[in-house]
Amino acid sequence: RTTPEDKLRQNDGGCSRLSDVLEVLTNTNAKTEDRSKAAKIATLCSVDHPENRAFIGGIEGVPAAVVDILSMPGREEKETETAAAASAAELVWILSYNNLFNHRALVNAGVIEALGEIIMSCGEGEECFRTKMWSAAGLQNLAASYCNTESGKCLWKWDHRIGTLKLQKESPLYVDGSDARERIIQITNLVAEIISIACHNGPVDKEPKPDQIWASNARIDEDEYKDSIITWAVTGVLKNLALSPKGRYEIAPAEMCLCLLSDSPDWIESINGAGALNNIGRLDNCFPPEPENDLPMCLDKEWVNTYGDDCAHYEPHHCAKYGNESDAEGIHANQACCVCGGGDKYRVVYEEEEF
């Protein structure tokens, strides 16, 4: 939400001249820096102002302009173009929130493919961390479904009787994100890359390191460049992809990683991790804190893949890409190894002796 400083900036005059701002945004002959600033202003004016989101989305050429700016890093790998793409991705994030017209227009313009390309191809520098983070945030909102509730959020509940996710009657569907989710899943290796980023970067440490920023405490324009804050956005994508059956299948290998994220000390990581687990029907599978005499245990199966590697060679962020490697009998690492969500799980209860 907007900070007091943001509200002051919203009232500075720029938001009353949105038409002029959007002229710059949609002008392909304008300087990249100016188009980037225009995207930032449009974003600022849209936060907590759905009427401005509707106005911006209704201007002809905005979705195409956003795709054009998002594609700049692929044409010229310069910091200026990458920074502009981050501003455009942030604009996607806010425009697509709970707005049916904007959602459809952005999806149809090819925004999903442009955002996916950034996540797959942008490098490791600070500007790329920021651009990937906002690209994932944009995909998160595009993959979401929105309902006719006060907040726009839908109420989903896993039905254990039939093994599927059900939308509750008190939150009738308004924006159906299933087409967006399908497009995200169809991009080769994108879901695996998103899982890899989530599991490699998160969760944050309970005692933050000096250079580690929690996403819930991050400040716009100051902390966006920290790689530690990208996890909230990529985990949000996974949470919303799991609203579709195919999405649940794709992110199932990340179950163990999502359990760790659901226990993050940063609430925004925790809520997205828990939400993803709820949406794949695995929230109860994470080991909650138990009394000392009731200990969770998982044992790896006796298993070696066709390359001769056993479960000890796998780490959580490997499971998304390599979890489907199998042994001679076709059993996958995701089924055999505890670190990938497989293995044999049970509890060992130690009874207290009576004297």
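**Stop one: the whole chain**

Of the 355 residues in the protein chain, 49% count as buried (under 20% relative accessible area; exposed is over 50% and partly exposed is in between, with a 1.4 Å probe and protein chains only). Keep in mind that this is a predicted model, where local features need pLDDT of at least 70 and side-chain atom pairs pLDDT 80 or more, while totals for chains, interfaces and linings use all residues. Residues are numbered from 1 along each chain as its sequence is written, and side-chain values use heavy atoms, with hydrogens and water left out.

Switch to cartoon view and you'll have 18 helices and six strands to look at. These are DSSP runs numbered from the N terminus: H or I of at least four residues for helices, E of at least two for strands.

**Stop two: the loop between helix 7 and helix 8**

Select N99, in the loop between helix 7 (79-95) and helix 8 (100-109). Is N99 buried or exposed? N99 counts as buried because its relative accessibility is 12%. Now show R53, A54 and V175: leaving aside neighbours within four places in sequence, these are in contact with N99 (heavy atoms within 4.5 Å).

Rings of Phe, Tyr and Trp (its six-membered ring) pair if their centres lie within 6.5 Å; planes under 30 degrees apart are stacked, over 60 edge-to-face, and the rest tilted. Y97 is partly exposed at 25% relative accessibility, whereas Y146 is buried at 4%. By this rule, the count comes to three aromatic pairs.

**Stop three: helix 9 against helix 10**

Colour residues 111-121 (helix 9) and 126-143 (helix 10): they pack at an angle of about 145°, with their axes 9 Å apart. Axes are lines fitted to C-alpha atoms over the stretch in contact, and angles run from 0 to 180 degrees between N-to-C directions. Show side chains at the contact, including I112, L115 and I119 of helix 9 and A136, L139 and L142 of helix 10.

**Last stop: Y307**

Finally, jump to Y307, in the loop between strand 5 (294-299) and helix 17 (319-322). Y307 counts as exposed, at 62% relative accessibility.
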